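Me: I would like to learn how to read an interface between two chains, and then how to read the surroundings of a single residue. Could you take me through both?

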Amino acid sequence: MSTEMRVHLRRWLSFFAMAALIAIMTGPSGSNNAPVQGLTQSFAQPYSYFGLFRAQRWMIFFTFALVALGLQTLWRRSGGGVRARTAVLRQGFEAPGRRRATVLSAVVVVALVALFIPHLISNPGIQSGIVEQVLAYVILALGLNVVVGWAGLLDLGYVGFYAIGAYVTAWMTGRLPIAAPFHHPVSSFAAIPVAIVFTMLAGVILGAPTLRLRGDYLAIVTLGFGEIILVFSNNLTNVTGGSQGTNPYIPSFTFRIGGLKYLFGNVGYYFLVAGFVVVTIVLFRLLEHSRVGRAWTAIREDEVAAESIGINPLKYKVMAFAIGASVSGFAGAVTASQIGVVYPSTFSLYFSVNVLTLVIFGGMGSIVGVIFGSILVQGIAVYLRFYPPSGYQASDLYMYLGALLIMMMIYRPAGLIPSRRRRREIYQAEDGIGHEGDVLLGEQS
Amino acid sequence: MSDLVFDVKNITLRFGGVVSLNDVTMEHRRGEILAVIGPNGAGKTSLFNSLTGVYRPQEGTITLNAREGHPISVIGRGAYRIASAGVARTFQASRMFSALTTFENVKIGAESHKGLGAVGAMVRGPATRRGERESDQKTFELLEFVGLKDQANTLSASLSYGARRRLEIARGLATNPVALLLDEPAAGTNPAEKLELANLIRRVRDELGVTILLIEHDMKLVMSVAERLYVLNFGSVIATGSPAEIRSNQAVIDAYLGSSETQTSEAS
């Protein structure tokens, strides 16, 4: 009994601590200008939220905490909690028929919505925002998911490949201070395969020597790689154009078929990138359920055991790295041609962290999760950019995202829509499978 | 010579100042069930890890003659290369891929010797599909062989200790090994499971023709299964021979099997 009360007390405390934390983070007026006053003044100042309603700030956070607590309790009661998890663990497989129907209808709905989005939104700014900030990040997150979610490698230099992809496009189209290859600039569309090949090579070159490292060491090496690329792009002025960026504008994609000419506008880019997302999903799904995907799982779970059955960990890791890198390079090439300029300031560490956040938020190793996670998080970012609530500043976004991430880690540690394998791993670790777990949980079945 | 799967000559393995294996020479004949016994810290697992390429002995040679006429040197090759050359192993504390089902665990073993296949996987051509079918078939056969067919869809983490051992053996066998190396397979199992295990080990050798090396503490199991034994103590081989010979070997009794009389007589 007393154990149960302690558990409840701890839950309540953590909720209100979190509410207070958000209050502090968002400051008195909802921005992060004066963080310390956030808590004190939240008892005094009424404030409007997203233009929806006005209330005192603390009431909002209090309500928020209560609702979250209630939802969690409901979820546990309805069997979504430990008991259901254990059932899932024991079960292994789900009923395939019903699942397939659900998946199919979901795919149809998502496809329809995706088809009509560019027609529903006429604002060109938002249209390009969706391409640059949502779809491009969906692709980036899908690529990083291969590295982080499947191969289990923490890559903090993901932006490096994105930068290489962007600069290769600028180089191929002749927009760099150095001449295009063979002094013959090509169209930005033709630059895509070259960018993919270059970034894939960069992935192999960086991966082959460094992927012998594990865990934190690898994270630091990749972090260094990202920074090296950033420093190069800033300071190698006679190659990259330096901090001023590339010049003149990189042309947008253009198709010429006979006398017909089609210049990609925002909608064109939308469908192009969305199409690539679909292709990536199909290919990666096949990859996940192939022997390559299983080998990645094996290496991630127990490298020694994987080696003992003849799997060469280095090879598979380099492969994951190269695949992730080439996807990142593709995204770099597309955004470079859409925006038209490549600025070094884009390639900061924050970029890599942002993509990593999407992967963790959506659910490491889960294609569907990563896609929806990216759409949700980046969608919020675009929405706030074009419809900022009063008092909102651009940098506030990260506070909101940070709070969102903390919530996720508490309620859905495996991500928004976790992959089945990853979910098992996390819950097994949490439940301490088989031994002490059942005793500690206090919820006997 | 060619009837030896492992030909270990004078290997010495040191960790800093600690000598883990001292001038060990061992012959492992094709098709036999060989056991290595010895007290804790005698160097059994070190020997095991040297044979599988995990450790690199500083002196001596280990020749693996998996496919006849193609001897390779073990020392200096990575563990995965030894494994793909035809040496499967299990671990003292069983190591499975615990988030995968029993079936998936074994299937990974069955397909590990095939190439990388990222492109093949993404295109999913006829060759890939045929490979998948073959692996599935083989996995089912092996699960039946070790008696885990009913638990094919169970998560490996929820298997009993005995079942985990059998799963590890099935996973190892899935790689088409010439030799199967078992590191204390009976640890943590009950007497009934030990009996089953002994039968399984014999069947692996008799029905699949796999050479077996066994490291074990459980003397009953060793003496009933093994055809030949090596006894290690403080990193050196102190005796070798059939179970009957070992049982009556004075050096072995002193070092390992022991009796209260011997110990008191030594002390006095």
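Me: How many residues does the contact take from chain A and from chain B?

Reply: This is a predicted model, and in it the contact takes 36 residues from chain A and 36 residues from chain B.

Me: What is the area buried between chain A and chain B?

Reply: The size of an interface is often given as the accessible area lost when the parts come together. Here the area buried between the two chains is about 3300 Å², with carbon and sulfur atoms giving 63% of it. Of the area that chain A buries against chain B, 22% is supplied by A:Arg291, A:Arg294 and A:Ile309, more than by any other three residues.

Me: How many salt bridges does the rule find across the interface of chain A and chain B?

Reply: The rule finds 3 salt bridges there, and A:Asp302 forms a salt bridge with B:Arg95, in which the closest N and O atoms are 2.8 Å apart. The count of residue pairs in polar contact between the chains, both at pLDDT 80 or more, is 5. On the side of chain A that touches chain B, H12(A) gives the most, with 6 residues, and the residues of that side divide into 16 nonpolar, 10 polar and 10 charged.

Conventions:
Residues are numbered from 1 along each chain as its sequence is written. Chains are lettered from A and ligands numbered from 1 in the order in which they are written. This is a predicted model: local features need pLDDT of at least 70, side-chain atom pairs count only at pLDDT 80 or more; totals for chains, interfaces and linings use all residues. Side-chain values use heavy atoms; hydrogens and water are left out. Contact means heavy atoms within 4.5 Å. Buried area is the accessible area (1.4 Å probe) that two parts lose on being put together, summed over both. A salt bridge is a side-chain nitrogen of Lys or Arg within 4 Å of a carboxyl oxygen of Asp or Glu. A polar contact is a pair of N or O atoms within 3.5 Å; within protein, one must be able to donate a hydrogen and the other to accept it, and residues adjacent in sequence count only if both atoms are side-chain atoms. Helices (H or I, at least four residues) and strands (E, at least two) are DSSP runs, numbered from the N terminus. Ala, Val, Leu, Ile, Met, Phe, Trp, Tyr, Cys and Pro count as nonpolar, Asp, Glu, Lys and Arg as charged, and the others, Gly among them, as polar.
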